Amino acid sequence: IAHPSFFVGLLLRNCQLPVANHGHVVLARPSPILFYPISSTEVRCLVDVPGERLPGDLPAYLRSTVAPQLPEQLRPAFLDALERPEAIRSMQNKLMPAAPLHQPGALLLGDAFNMRHPLTHLAPLGAAKPSSAATQHSSIALTEAGAPGSPGCSGWRRP
């Protein structure tokens, strides 16, 4: 079992997403950052922090590495969350390659094939189940961090 990174979850209060009621992915360095609404006033932020160990001063790392890459309207709520230790939770990601199971006539997909998505496994970060706000919308907005002249979000939508 490899431990390539940690997911760090933050609870952002009184935060408005660039495109209301939609999840957002910020294409940042060293890894993408996810934002999605969990209530009318709260947004969950998930940051993938590479490495087998978390930085010694996690809030300082998030402040210096992640915050400068966020859309301007999300940055104040993100920085505010860093001042509230109870708003930050982490979970170690594990790489557990599946052993192939070849069953004639069977097609395995998703969890049955040991493929998981981080948004569906959030209980350790404080979400016992996906919120209705997070599951009602099938679209997502993408933002490329540091894109010159970028308005902040492009409205990419799933069909």
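The accessible surface of the chain is about 9600 Å², and carbon and sulfur atoms account for 57% of that.

Visitor: Before anything else, what kind of model is this?

Guide: This is a predicted model.

Visitor: How many helices and strands does the chain have?

Guide: There are 3 helices and 6 strands. Along the sequence they come in the pattern β-β-β-β-α-α-β-α-β.

Visitor: What share of the residues is buried?

Guide: Of the 159 residues in the chain, 36% are buried.

Visitor: And which residues have the most contacts inside the largest nonpolar core?

Guide: That core has 27 residues, and those with the most contacts inside it are Leu10, Leu12, Ile33, Phe35, Val47, Leu62 and Phe78. At least two residues of this core come from each of β1 (2-13), β3 (33-37), β4 (42-50), α1 (58-66) and α2 (75-82).

Visitor: Which residues does a second core include?

Guide: The second core is separate and has 6 residues, including Val25, Leu34, Tyr36 and Leu46.

Visitor: Back to β3. How many of its residues are buried?

Guide: 5 of the 5 residues of β3 are buried, so β3 is largely enclosed by the rest of the structure.

Visitor: Which residues sit on which side?

Guide: Ile33, Phe35 and Pro37 are on one side of β3, with Leu34 and Tyr36 on the other, and all of them are buried. In a regular strand, side chains alternate between the two faces of the sheet.

Visitor: What does Ile33 touch?

Guide: Leaving out residues up to four places away in sequence, Ile33 touches His24, Val25, Val26, Ala28, Cys45, Leu46, Val47, Val66 and Leu70. Ile33 also stands opposite Val47 in β4.

Visitor: How many bridges join β3 to β4?

Guide: There are 5 bridges, and the two strands run antiparallel. They form a hairpin with 4 residues between them.

Visitor: What about β2 and β3, how many bridges there?

Guide: 3 bridges join β2 to β3, and this pair runs antiparallel. Val25 stands opposite Leu34 in β3. A hairpin of 5 residues joins β2 to β3.

Visitor: Where does Pro30 lie?

Guide: Pro30 is in the loop between β2 (23-27) and β3. The peptide bond joining Arg29 and Pro30 is cis, with omega about 15 degrees. Most peptide bonds are trans, and most residues other than glycine have a negative phi.

Visitor: Staying with phi, what is the value for Asn14?

Guide: Phi of Asn14 is near 45 degrees, which is positive, and Asn14 is not a glycine. Asn14 lies in the loop between β1 and β2.

Visitor: Is Asn14 buried or exposed?

Guide: Asn14 counts as exposed because its relative accessibility is 67%, where the cut-off for exposed is over 50%.

Visitor: And Asn21, what is its phi?

Guide: Asn21 has a positive phi of about 60 degrees, and Asn21 is found in the loop between β1 and β2. With a relative accessible area of 44%, Asn21 is partly exposed.

Visitor: Changing topic: how many disulfides are there?

Guide: A search of the whole structure finds 0 disulfides. For Cys15, the nearest cysteine sulfur is that of Cys45, 8.9 Å away. A disulfide needs the two sulfur atoms within 2.5 Å.

Visitor: Are Cys15 and Cys45 buried or exposed?

Guide: Cys15 counts as buried at 5% relative accessibility, and Cys45 counts as buried at 0%.

Definitions and conventions. Residues numbered from 1 in each chain as written. Predicted model: local features only at pLDDT ≥ 70, side-chain atom pairs only at ≥ 80, totals over all residues. Heavy atoms only, no water. Core = buried A, V, L, I, M, F, W, Y, C linked by side-chain atoms within 4.5 Å. Buried < 20%, exposed > 50% of the residue type's maximum accessible area, 1.4 Å probe, protein only. Contact = heavy atoms within 4.5 Å. Areas by Shrake-Rupley, 256 points an atom, 1.4 Å probe, with all protein chains shown as cover. Pairing = 2+ DSSP bridges.
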